[in-house]
Structures are given as structure tokens and as C-alpha cells.
Amino acid sequence: MTIQIVNTTPFDGQKPGTSGLRKKVTVFQQAHYLENFVQSIFNSLQDFQGKTLVVGGDGRFYNKTAIQTILKMAAANGFGQVLVGQNGILSTPAASTIIRKYQAFGGIILSASHNPGGQDGDFGIKYNIGNGGPAPEKVTEAIYTHTTEIKAYKIVEAADIDLSQQGEYQLANMQVKVIDSVADYADLMQELFDFEAIKSMLDAGFNMRFDAMHAVTGPYAKDILINRLGAHPDTVMNGEPLEDFGKGHPDPNQAHAKDLIEELEKPGMSFGAASDGDGDRNMIMGRRFFVTPSDSLAVIAANAHLIPGYKQGLAGIARSMPTSKAPDHVAARLGIDCFETPTGWKFFGNLLDAGKATLCGEESFGTGSNHVREKDGLWAVLFWLNILAVRKQPVEMIMREHWQTYGRNFYSRHDYEGVDKEGATELMDHLRQQFNSLQGQTFGHYTVNLADDFSYNDPVDGSCSHKQGIRIGFDEHEARIIFRLSGTGTVGATLRVYLEKYEPDPSKHEQDTQQALADLIDLAEQIAQIKQFTGRDKASVIT
Ligand code: G16
């Protein structure tokens with residue numbers, strides 16, 4: 001097999017966002033587009049010759065094509081071995097598990113997460129480092145620099161590898177191992193959680209549904225929930241991964257997981273959960289009861305001592321800045337640190353590696369721990385099932401008791417999707433211009449005590465990340481409004497407005513979230529002039 005050196009020229013805009021490079025499939029299908037980015041990843045790495053790379057994706061359209069290209073490029077660039085999931089399938093947390101377990105040099109994960117798939121949908125690619133986590137900013141910046149300078153890429157001329165069968169294949173001097181996509185991950189879950197207790201609960205008639213949304217978690221959920229835990233076969237809904245996710249939007253929230261919400265209306269249902277395109281996000285629901293991701297992290301932290309893998313205690317908790325402060329209240333009682341990082345799972349890696357945090361989470365339906373270096377949808381579901389099996393109470397009761405103990409952080413995110421980029425940038429600049437004048441200003445019941453751009457100084461490696469979201473904080477109710485532009489969208493800009501208010505008084509915990517936050521929602525409009533800058537008078541998605 002010969003190694004080809006193919007001349008190329010840079011493409012604009014191959015800058016990794018919050019989580020890798022995400023673009024329309026049609027953008028990736030341009031000649032040399034994927035190859036340029038993959039070569040730029042390899043060009044940014046050192047000393048990987050002869051070492052192992054993990055490759056897999058969420059099964060969306062273009063996954064298999066991209067994997068064949070990556071295998072041939074990995075061989076041409078000198079990797080010794082690639083571990084690839086059967087049929088090209090690896091959920092993001094499974095890829096992280098495999099990188100760690102087999103001490104691989106790194107991994108390439110193909111996914112656009114919760115973004116729709118199919119020929120007209122989105123595709124994505126990201127590089128994970130040897131700890132199993134997303135590459136930190138210094139690596140993604142180096143990759144980007146290489147994309148702007150690239151002149152050629154290397155690829156072997158060879159037939160495609162049969163990914164449908166587990167086995168070992170040779171590609172030039174590199175070995176390709178097609179591995180079971182599920183087993184290593186499912187084994188790890190079995191080590192962390194009390195499967196016997198969960199099994200007994202399910203045997204006793206506990207009724208639940210898990211919506212895999214025709215995305216990657218179907219095979220994982222079937223193996224873990226049905227084969228290993230003995231749940232009824234109907235438990236896993238939409239369990240077959242499809243290249244276009246059955247034309248659905250694999251984003252586990254109340255707006256998109258409609259099948260699940262309908263199913264939970266059936267008599268006798270106690271628990272519902274869903275996961276996203278690549279299996280790292282999760283949504284937790286009780287009977288007609290939604291648990292916000294921030295509350296979910298707080299409950300997980302408060303109950304971790306009940307779970308085998310965590311009963312030795314927590315080193316600390318980490319949450320992204322826009323995530324509600326519900327976990328902070330738990331950390332304060334436990335006497336442990338709660339770190340506040342920018343949005344993006346990559347910022348948790350150092351804290352986890354340094355043993356400063358055990359649990360981490362984000363408002364964007366992500367929860368995880370030091371068991372891997374990615375957020376982990378099924379892990380969160382199993383954590384909740386284990387808590388329910390021990391506490392023997394409904395989800396809603398657990399949540400209400402939690403609020404009574406710690407107070408309730410009313411929380412909501414309003415997304416304005418696909419707005420004009422220029423208008424969104426002007427809105428953010430307009431907010432920045434007000435930082436000085438906002439300070440100390442009173443709006444109704446609220447007095448501003450903070451108006452700034454969030455910067456993060458990593459306590460482990462000292463790196464600094466600036467402009468990570470605009471924070472407007474108030475004296476009353478620990479209230480906050482945060483404005484950020486999403487780093488994962490592929491069309492125009494997405495403005496995210498995060499709203500939060502703390503309520504310690506249990507007699508006020510019954511309010512509807514949007515009502516509890518109504519004055520802050522009005523204030524967000526008043527301060528940011530959302531309508532004027534985006535032309536929108538209401539959010540496209542509210543979670
Ligand atoms: C990614 C990141 C998360 C982030 C989320 C939303 O998740 O890994 O850390 O919270 O995007 O980011 P943004 O607000 O910039 O759109 P995923 O599940 O899409 O990989």
C-alpha cells in the first residue's frame with residue numbers, strides 16, 4: 001500500500017467551537033475538507049508514531065465514510081494501531097472509557113452531538129487526549145493554526161476496512177482492531193453502581209422508559225438496562241441508531257423528547273430518561289416531573305454516599321458558569337469546593353485529573369464524574385436509578401426534599417436560535433458597554449452587584465480563558481442573568497440567556513419556573529434589548 005501525499009489549500013473557518021468542529025454534512029463532503037482537519041489534528045500532535053488511536057462516532061450520516069478516511073490517514077501518519085467501534089459506533093463516553101482503559105494516545109470522535117443528522121443535517125469531529133477528555137484549548141488552538149497553514153495531507157491508498165465485523169485488520173503498517181462498542185463501557189457501569197439493587201427494584205415492577213432517540217445509546221441502553229439489569233424489553237424506546245435519527249432532533253429536553261413525555265403519561269410509569277445523539281447528555285424525569293440538569297447534579301452530589309463507586313466521598317464538584325448554583329449549596333454542606341468553569345467539558349479535565357473534583361455538570365443536560373473525561377448520559381440515568389433503588393421514593397419526592405434542605409434555585413435557559421450573527425455580536429458589545437453604568441443600578445426589586453465578562457483561571461495549569469459569557473448578578477436571591485453566544489451551532493448565531501434565582505423559603509417552591517423568573521426575563525430584555533438586536537420577541541427553545 002502506498003502513502004499518497006495530497007496537495008491541498010486551507011479552508012476558512014475550521015476553528016473548533018465549544019466541542020470540536022461542527023458543520024453541515026455538505027460542508028464536510030467538500031473534497032479535502034475532512035482530510036485537512038484530520039491532518040491538522042495529527043500535525044498538532046507529537047510522538048504518536050506506533051501508538052494507539054481510538055476512533056468512533058454516533059452513527060450519524062457520514063460517520064462511516066469519515067472513519068474510513070481517518071483510518072487511512074492514521075496509517076499514513078504512522079499510528080501503530082486504531083481501535084474502532086463495530087459499525088463505527090462509539091458513544092462519546094464509551095470512547096472516553098476505551099481511551100482510558102487501553103491507555104491510547106488519544107481518540108477522534110465523530111459527532112455533532114444533539115444537532116440533527118442526515119444528509120442535510122450536521123456532522124462534527126473532535127480530538128480527545130490521552131486522559132479520555134476533549135482536547136484543551138491550547139490543543140484546539142494549535143489544530144486551528146495548522147488548518148490555516150496546511151499544504152498537504154497523507155493518506156494510504158487502500159480498500160475500505162469491513163467495520164461490520166469485530167476482528168483485526170492490517171492497513172499499511174497499522175493494525176485496525178474493530179471492537180465491541182458496548183462491553184467495556186457497560187462493564188465500567190457495573191463496577192460503579194449497585195446493579196443488584198437496581199435489578200431488584202425493576203423486578204419488583206418499577207416501570208421506566210429510556211428514550212435513545214434513534215441515536216447512539218440504543219445498543220448501550222439495551223445491553224445495560226435490558227440484558228444486564230433485566231428491565232422489560234419495552235423499556236428502551238427508539239433504540240435503533242439511525243443515520244438521520246429517524247428525522248428527529250436527538251436533544252434530550254422537554255421540547256424534543258416528545259415520545260418519552262407521552263409515554264410517561266401511561267399509568268404506572270415511575271421514571272423516564274433520554275440521551276442525545278452521541279450519548280453524553282441526559283434528561284431525567286419522574287412521573288410528570290422534570291428535573292433540571294443543574295438540580296440533577298445537586299441531587300447526585302447530595303446522594304453520592306449511597307452509591308458504591310462514590311461512597312468514599314467527593315473531592316469536589318465542578319459546574320460550568322451558567323449552570324445554576326444548586327450544586328454549590330450541596331458542596332457548602334459537604335465542606336468541599338465547587339469550581340466554576342467556562343462552558344465546555346474540556347475545562348473539567350484538569351480538575352478531574354488533579355483529583356480536585358469528582359463530579360461535574362452543566363446546565364446543557366450534561367453530568368459526569370471522574371470515571372471518564374466526558375459527560376455521560378447513561379451514567380447519570382444509572383446514578384438516579386441507584387438512588388431510587390436505595391431511597392425507595394419517587395423522583396418528585398426526592399427533588400422536593402432536596403429543595404427543602406438546600407433551597408431551590410429556579411433556573412431556565414432561553415435560546416434564540418439561528419439569529420443574525422452581526423446582530424448577536426452587537427447585542428453582546430452593547431451589554432459590555434453598559435458594565436460600568438449597570439453596577440449598583442436598581443431595577444424593581446433587583447440591584448446589580450456584578451456586570452462583567454467571565455474569565456477563568458485554571459487552578460491546575462494556570463491557563464486563562466477570557467470572554468466566557470456576560471454575567472449580570474444581583475444582590476437579591478443570588479439572582480443572575482447570563483448572556484452567551486453558543487459555540488456549537490452551525491447556522492447563524494444562537495443567543496443563550498440563562499436565568500436564575502435562589503429561593504430558600506419552602507412555601508415558595510411550588511411556583512412555576514417561568515413565573516418565578518418572570519421579572520428576570522423582563523429584565524433580560526430591558527438590559528440586552530434582545531428584540532432590537534435579534535428581531536425576535538420570544539425564545540425559540542426554553543429549557
Ligand atoms: C457541548 C459541550 C458542552 C456545552 C454544550 C453547549 O456539548 O461539550 O460542554 O455545554 O456543548 O455549548 P454551547 O452553549 O456553546 O452551544 P455537546 O453535548 O453538544 O457536545
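Biologist: In what sense do S10 and strand S11 (residues 236-237) pair?

Modeller: Strands of a sheet pair through backbone hydrogen bonds, either parallel or antiparallel. Here S10 and S11 pair in the parallel sense over two bridges, and Phe-210 stands opposite Val-236 in S11. Two strands pair if DSSP finds at least two bridges between them; strands (E, at least two residues) and helices (H or I, at least four) are DSSP runs numbered from the N terminus. Bear in mind that this is a predicted model, where local features need pLDDT of at least 70, side-chain atom pairs count only at pLDDT 80 or more, and totals for chains, interfaces and linings use all residues. Residues are numbered from 1 along each chain as its sequence is written, and side-chain values use heavy atoms, leaving out hydrogens and water.

Biologist: How many bridges join S10 to strand S12 (residues 269-275)?

Modeller: Five, and those two strands run parallel. Asn-207 stands opposite Met-269 in S12. S10 (residues 207-211) is mostly covered, with four of its five residues buried (under 20% relative accessible area).

Biologist: On to the open sheet of four strands: what is its order?

Modeller: Read it as S16-S15-S17-S18, with mixed pairing. S16 (337-341) and S18 (366-369) stand at the edges, each with a single partner strand, so one side of each has no neighbour in the sheet. From one strand to the next, the twist averages 15°. S15 (residues 316-320) runs parallel to S16, joined by five bridges, and Gly-316 has Asp-337 as its bridge partner in S16.

Biologist: Which helix packs on the sheet?

Modeller: H10 (residues 293-303), which touches S15, S17 (359-362) and S18. Its direction makes about 165° with that of S17. Touching here means contact, heavy atoms within 4.5 Å.

Biologist: Which residues of helix H11 (residues 326-334) are buried?

Modeller: Ala-326, Pro-327, His-329, Val-330 and Ala-331. They pack against several elements, including H10, S15 and S16. Just after H11, Gly-335 takes a positive phi of about 70°.

Biologist: At what angle do H8 (residues 217-228) and H13 (residues 377-391) pack?

Modeller: About 30°, with axes 11 Å apart; angles run from 0 to 180 degrees between N-to-C directions. The two helices are therefore roughly parallel (under 35 degrees). The contact is made by Thr-217, Tyr-220, Ala-221, Ile-224 and Leu-225 of H8 and Leu-378, Leu-382 and Leu-385 of H13.

Key:
Parallel < 35°, antiparallel > 145°, perpendicular 65-115°, else oblique. Buried < 20%, exposed > 50% of the residue type's maximum accessible area, 1.4 Å probe, protein only.
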